[in-house]
Number of protein chains: 2
Amino acid sequence: MTTPQDRLARDTRESVRGIPDATVARLPVYLRALTELAERGVATVSSEELATAAGVNSAKLRKDLSHLGSYGTRGVGYEVEYLVYQISRELGLTQEWRVVIIGVGNLGHALANYGGFASRGFTVVALLDADPDVVGEHVAGLRVRSTDELEDVVAAEGVSIGVLATPGPAAQDLCDRLVGTGITSVLNFAPVVLSVPEGVDVRKVDLSTELQILAFHEQRKAARDAVHAAGLTAADEHDAEEVAQ
Amino acid sequence: MTTPQDRLARDTRESVRGIPDATVARLPVYLRALTELAERGVATVSSEELATAAGVNSAKLRKDLSHLGSYGTRGVGYEVEYLVYQISRELGLTQEWRVVIIGVGNLGHALANYGGFASRGFTVVALLDADPDVVGEHVAGLRVRSTDELEDVVAAEGVSIGVLATPGPAAQDLCDRLVGTGITSVLNFAPVVLSVPEGVDVRKVDLSTELQILAFHEQRKAARDAVHAAGLTAADEHDAEEVAQ
DNA sequence: CTCTGTGAATATATTCACAGCC
DNA sequence: GGCTGTGAATATATTCACAGAG
């Protein structure tokens with residue numbers, strides 16, 4: 001049984017028009033591949049070609065794109081420029097997003113200088129750090145300001161997304177303060193699980209998590225090779241060896 | 001009839017293959033939460049407590065842990081130290097993984113200095129960069145060497161995992177050379193889709209992808225709020241009646 | 001009683017396979 | 001003929017809900 005509440009909750013979680021999370025997570029990849037094709041002067045791609053460029057299979061790509069609408073031409077393919085626009089619009093990249101980066105260590109530096117933001121509508125409008133020695137430095141054309149000014153900066157600069165690149169222990173407090181200003185989107189590089197109220201989205205990027213997942217698969221490969229070598233091969237078994245992203 | 005061979009083959013396959021990808025991806029999170037609890041001197045946790053600390057719900061946590069074995073005690077919970085060990089073992093973190101970082105820009109610096117690696121069995125044994133000005137610098141206690149030496153370094157240092165933190169255009173070539181040395185696990189921070197032969201695992205961390213996903217949800221929230229604000233007067237008939245009671 | 005471990009139910013995601021349009 | 005868009009089939013993942021161990 002599905003209650004009206006269930007349906008509302010699902011619609012809210014997914015999207016007004018129902019784009020699955022897994023699809024949303026892949027749209028940026030398609031967008032990158034398309035941008036590259038556009039730069040190379042390619043006007044049209046088939047789902048097969050684009051899928052290869054994006055590292056997925058073509059059925060998945062077509063299904064994903066079908067959630068946005070019917071933007072391809074049967075027998076021909078997709079017009080690159082047009083698809084770039086449609087995906088950008090769907091992702092909300094046709095507007096400017098003003099971002100504050102908190103924590104200007106090596107990672108903060110890398111993020112501040114990262115070219116991939118500006119080209120997709122993200123403008124880093126402020127850098128904050130708690131360390132008085134770092135405050136006042138100029139990084140990526142911005143003067144680093146104190147985290148004391150967080151609330152002022154968010155208000156004055158119209159920030160809508162906060163990026164945390166601080167050490168773990170500092171992150172929760174700064175996150176609380178971001179949320180206090182009304183920000184509802186946080187990208188967290190600090191190695192902690194942030195707790196936030198309902199309605200606030202946190203995405204976490206964890207450098208060591210990814211290595212650990214690789215280690216798991218590497219170990220599994222080693223174990224399988226050992227079994228192989230010992231002659232205990234299960235001939236009926238063939239597992240496709242591809243890491244799910 | 002079940003022969004001993006059958007049972008061995010099955011047991012091997014299950015223990016090697018049986019853990020779902022989604023579970024594997026969460027194990028590092030549980031491990032981090034458990035490590036924190038251990039440092040705070042907590043000896044035992046319930047699935048509810050651990051789930052909260054890890055930011056998931058308790059049913060999922062229990063299901064995930066059940067794939068590793070029966071390591072809890074009904075009516076009590078899980079012994080923290082023991083679970084740390086079991087998860088570490090399952091992820092392959094009880095052995096040392098020797099890692100090379102290629103590309104020593106801001107991100108490479110951040111990775112080289114990141115404390116979260118060493119504590120989980122990852123040893124950064126070499127740093128490589130293509131820029132002659134960077135080669136020779138000392139970062140995180142290691143002398144940066146030239147990417148020309150890649151093959152030598154991998155062989156001499158017994159590297160099993162490669163981390164690419166280079167600009168996009170350089171990544172595929174360096175990846176090919178890593179694969180050429182026999183490496184089958186690559187963590188890619190460069191903003192390109194790498195193509196690798198069957199049997200090689202690539203995981204990709206993309207700084208701007210995550211921001212784009214946030215932007216999508218932020219846009220959606222804004223759209224919903226707008227509808228809400230505009231639609232308050234034209235409220236849904238039935239709900240209004242029920243609320244009146 | 002409490003809290004784990006797990007079948008059964010549900011929800012999501014992927015893949016297949018082909019009808020329908022260019 | 002070639003390629004998209006999509007139902008139907010399958011595979012994965014999540015959540016429910018409760019039996020049963022301690």
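**Across the interface**

Visitor: How many residue pairs are in polar contact across the interface of chain A and chain B?

Guide: Here a polar contact is a pair of N or O atoms within 3.5 Å; within protein, one must be able to donate a hydrogen and the other to accept it, and residues adjacent in sequence count only if both atoms are side-chain atoms. With both residues at pLDDT 80 or more, the count across the interface of chain A and chain B is 16 residue pairs.

Visitor: Which helix gives the most to the side of chain A that touches chain B?

Guide: Helices (H or I, at least four residues) and strands (E, at least two) are DSSP runs, numbered from the N terminus. The top contributor on that side of chain A gives 17 residues and spans residues 207-229: helix H10.

Visitor: What should I know about the model and the numbering?

Guide: This is a predicted model, where local features need pLDDT of at least 70 and side-chain atom pairs count only at pLDDT 80 or more, while totals for chains, interfaces and linings use all residues. Residues are numbered from 1 along each chain as its sequence is written, chains are lettered from A and ligands numbered from 1 in the order written, and side-chain values use heavy atoms, leaving out hydrogens and water.

Visitor: How much area do chain A and chain B bury between them?

Guide: Buried area is the accessible area (1.4 Å probe) that two parts lose on being put together, summed over both. Contact, meaning heavy atoms within 4.5 Å, links 79 residues of chain A with 70 residues of chain B. Carbon and sulfur atoms carry 62% of the buried area, and the total is about 6,700 Å².

Visitor: Which residue of chain B meets Asp201(A) in a salt bridge?

Guide: A salt bridge is a side-chain nitrogen of Lys or Arg within 4 Å of a carboxyl oxygen of Asp or Glu. The rule finds 6 of them across the interface of chain A and chain B, including Arg203(B) with Glu210(A) at 2.6 Å, N to O. For Asp201(A), the N to O distance is 3.6 Å and the partner is Lys221(B).

**Inside the chains**

Visitor: Which strands stand at the edges of the sheet in chain B?

Guide: Two strands pair if DSSP finds at least two bridges between them. The open sheet of chain B has 6 strands in the order E8-E5-E4-E9-E10-E11, with parallel pairing. Each edge strand has a single partner, so one side of each lacks a neighbour in the sheet: strands E8 (145-146) and E11 (201-204).

Visitor: In chain A, which residue of E3(A) is the bridge partner of Thr44(A)?

Guide: In chain A, 3 strands form an open antiparallel sheet in the order E1-E3-E2. E1(A) and E3 (residues 77-79) pair over 2 bridges. The partner of Thr44(A) in E3(A) is Glu79(A).
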